[in-house]
Amino acid sequence: MPLSDSLRDDILAAVPSLRAFAISLSGNGDRADDLVQETLLRAIANIDSFQPGSNLPAWLFTILRNLFRSDYRKRRREVEDAEGNYAKTLKTQPSQSAHLEFEEFRVALEKLPQDQREALILVGASGFSYEDAAAICGCAVGTIKSRVNRARSKLSALLYVDGAEDFGPDDTVRAVIGGNGGR
């Protein structure tokens, strides 16, 4: 169903109520605006799934609530640590060579594009299946597999790891972190 002028007007009329609901969920005006914007984008992208004659505001509110819940689950596992201070406190002091190898790995990991790094960490270090990682990232399973493969290849090149093709995605990450990267 194309987006008619009347449907567009009805969607726009719901924006203030959506924003109020988003603020009540998130407690943050900026985050609420992001939620409303993402809700509108998803609603327009999936306008074909809207049943004419049904309750448009309820459909929009459901999209917003689901976005908030998904984002909440994702953020619940994240720790804001832009400078890496918290991460530094989580590790034990390793032997000198292991510490250097870990630092090399950390630097190489930061050089990966965000989407590849996220996919590799989800599948490799966190142990999520490709399907779970795809659901978390909101993309296709094949996209996650491709991102993991490209990330592994780039990490191998950055770290000069021989035989990286012999490792699975989680083995590559664990081997490099643990110092068994086949150098």
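These legends accompany several close-up views of a predicted model.

The model is predicted, so local features need pLDDT of at least 70 and side-chain atom pairs count only at pLDDT 80 or more, while totals for chains, interfaces and linings use all residues. Residues are numbered from 1 along each chain as its sequence is written, and side-chain values use heavy atoms, with hydrogens and water left out.

**View A. Arg31 and its polar partner Asp71.** Arg31 sits in helix H2 (residues 29-45); helices here are DSSP runs of H or I with at least four residues, numbered from the N terminus.

**View B. The largest nonpolar core.** Look here for 19 residues, of which Ile11, Leu18, Leu56, Trp59 and Leu60 touch the most other members. A nonpolar core joins buried Ala, Val, Leu, Ile, Met, Phe, Trp, Tyr and Cys residues through side-chain atoms within 4.5 Å; buried means under 20% relative accessible area, exposed over 50%, and partly exposed in between (1.4 Å probe, protein chains only).

**View C. Two aromatic pairs.** Rings of Phe, Tyr and Trp (its six-membered ring) pair if their centres lie within 6.5 Å, with planes under 30 degrees apart stacked, over 60 edge-to-face and the rest tilted. Phe21 and Phe61 have ring centres 5.1 Å apart and planes at 45°, so this pair is tilted. Phe50 and Trp59 are also tilted, at 5.2 Å and 50°.

Note on methods: Helices (H or I, at least four residues) and strands (E, at least two) are DSSP runs, numbered from the N terminus. A polar contact is a pair of N or O atoms within 3.5 Å; within protein, one must be able to donate a hydrogen and the other to accept it, and residues adjacent in sequence count only if both atoms are side-chain atoms.
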